[in-house]
Amino acid sequence: MFQRILTVAGQEFRIGLRNRWILLSVVILAAFSMALALLGSAPAGTLDVSRMTITVASLSSLSVYLVPLIALLLAFDAVAGEIERGTLLLIFSSPMTRSEFLIGKAVGHICVLLLALTLGYGATAGMLAATGGGDTSGFIDFARLIGTSAILGFAFLALGYIVSALVRQVTTAAAMAIGIWLVLIVLYDLALLGALVADSEGFFASTVFPFALLANPADAFRLFNLSALNANAMVGGMAGVAESLPFPPAAALAPSSCSLALPCLVLSYCLRGSPHDEETVCSRWSHVASGSLSGRAANR
Amino acid sequence: MNNTVLRAENVRKTFDGRDAVKDLSFELGGAERVALLGHNGAGKTTFFKMSLGFLTPSAGRIEVLGAEPGSDKARSSTAFLPESVAFQRTLTGVEVLKYYAKLKGEDPKKAVGLLERVGLAEAGTRRVGTYSKGMRQRLGLAQALIGTPKLVLLDEPTSGLDPISRQNFYDLVTEISGNGATVLLSSHALTEMEARTDRILIMSKGKLVANDTLEHLRTAARLPIRLKVKAKDEPAEQLANRLGGTPVNCRSVEIMCAHEDKIARIAAVTSLGAMIEDIDVHLPTLDDVYKHFSEKANAEDSAGEA
């Protein structure tokens, strides 16, 4: 079982290296983060915080945009692409279960993400350290940023898999992946902001808003990272929100990511009950509804 | 036939109220090479998917080596080559083969040796994206040969291949069955398979309309044998009168005769001795036999519906 998961993961990683996905992600992450580090750490001197810490604060906003995008672009092909190429039939004609396949994909993609994040952000950390801006707590901040970015990526990988398993064409999956990014990363915050402005003291602001932040892994990520930096003073905005929440910001990230990622994995696992083209999406949904997981297991 | 490798019993599969496969029953024994013929939409691919456990029959049952299709036992001894498969273009042939070997729990090093058997030993280190269609198909076949499958299912393996590649492909199929595997391959390119299969199954509109060796099918179809006799000097009309055939283009005569009359008619022709320059005997081809059986099935269908 582990052998097969590792095989799928290794193959995904190799493909990531081979089609230059990893390289591209590293270059993008490094370029943006270095630009932010050089431009954005200017106030460090006046605020008396390390340049690394303040860079991490800017980078966590960068991660919110880039990491979900990279994750979705890695994931949308996972099932639909294998169906379109005809390789899914081949893979499942070997003694391999659907969960092994998806977990393998996820492990491989997480490794791709981690490598890209480590190299991309690591380059920036290295640059700051080399120019005398480094300290131990700054490196810890960077490590936390990379780790939490990977968790954020995992949540969006899972979303990508579910899209990939639901649709039949790769192009549709790609379009939906971009749509998800747009909605969750851009429009979601705008909508929250609008609602907050409209009802700044009422039920929404006090009760719905904190949980609406939790429900979106991107917001949870930002919340967690900024409050972990104690960055209220320097960046204000988002981190200021953290103080008014009915729960500790540290609790934000893990549950919101897991609550999204786990059902996604389970769902895409059972949606893929049959990798057969004629089987309609509706009948796949109904399989899930009727809890045919156990039936699947027996079939296998 | 010794042991049964694949058994189908009254298999039926319905999509949206339409039967894709109905009342399909047959058995495959060990080390047989069997061709599954039928035009597009006859139910071949549906049957393959059911034998692999991707689809469950609406009625009836399929057994692979006595086990349920899709069970670990069935899957570990079945190999499959889908109709159209596009391996990751950025990976090399060796990487693709090692991947599938590991998924099947086989030794990746041994699997790489298969590249030589399909004539891709040198191309193995190149990326799949650079392969020709024939090479990709052979890579697919190499993938199907990983381990020691007892049942090899090939869905239209030769479509899009040039004649030489097809010949090589069937040589490989013969080799596989020589090693004890049962090969079931579907195709609609028929003539190339004549000498290459032990048995032929013909499907039409989801039903099995024939299941026998080509020889028996020929006899059962009672298709006429065509003798083409070429006259030396004599005008074709005279020859035609004597032999009871129809003249074609001045110097040749075409005679249609039943299988059992063949020898007698040839004897009659040769008795003319000096008048004859040449004689050709055309047995009905697999195409003719196939056409006969699917037309017969169609006729029965419409008679049944009327």
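Residues are numbered from 1 along each chain as its sequence is written, and chains are lettered from A, with ligands numbered from 1, in the order in which they are written. Because the model is predicted, local features need pLDDT of at least 70 and side-chain atom pairs count only at pLDDT 80 or more, while totals for chains, interfaces and linings use all residues.

Chain B has 306 residues, of which 42% are buried; a residue is buried if 20 or more other C-beta atoms, placed from the backbone, lie within 10 Å of its own, exposed if 12 or fewer do, and partly exposed in between. The C-alpha trace of chain B spans about 70 × 50 × 35 Å along its principal axes. Its secondary structure consists of 10 helices and 13 strands; helices (H or I, at least four residues) and strands (E, at least two) are DSSP runs numbered from the N terminus. Two domains are assigned in chain B, domain 1 (4–219) and domain 2 (224–282), with bounds that come from an automatic or database domain assignment. The centres of domain 1 and domain 2 of chain B, taken over C-alpha atoms, are separated by 43 Å. Two residues are in contact if their C-beta atoms, placed from the backbone, lie within 7 Å. Of the contacts in chain B between residues at least 6 apart in sequence, 67% join residues at least 24 apart.

One open sheet of chain B contains 6 strands in the order E5-E6-E7-E3-E8-E9, with mixed pairing; two strands pair if DSSP finds at least two bridges between them. Strand E5 (78–81) and strand E9 (207–212) of chain B stand at the edges with a single partner strand each, so one side of each has no neighbour in the sheet. From one strand to the next, the twist averages 15°. Strand E3 (residues 33–37) and strand E7 (residues 182–187) of chain B run parallel and are joined by 5 bridges. Within this pair, B:Leu36 has B:Ser186 in E7(B) as its bridge partner. Helix H5 (residues 133–144) of chain B lies across E5 and strand E6 (151–155) of chain B, at about 170° to E5(B). Helix H6 (residues 163–178) of chain B lies across E3, E6 and E7 of chain B, at about 150° to E7(B). Such angles run from 0 to 180 degrees between N-to-C directions, with axes fitted as lines to C-alpha atoms, for helices over the stretch in contact.

Another open sheet of chain B has 4 strands in the order E11-E12-E10-E13, with antiparallel pairing. Its edge strands are strand E11 (246–248) and strand E13 (276–282) of chain B, each of which pairs on one side only. Neighbouring strands of this sheet are turned by 25° against each other on average, direction ignored. E11(B) pairs with strand E12 (residues 252–257) of chain B in the antiparallel sense over 3 bridges, and B:Pro247 stands opposite B:Val253 in E12(B). Helix H8 (residues 236–243) of chain B packs on the sheet, touching strand E10 (225–231), E11 and E12 of chain B, and its direction makes about 20° with that of E12(B). Helix H9 (residues 262–271) of chain B lies across E10, E12 and E13 of chain B, at about 5° to E10(B).

Between the chains, 25 residues of chain A are in contact with 28 residues of chain B. H1(A) contributes the largest share of the side of chain A that touches chain B, 7 residues.
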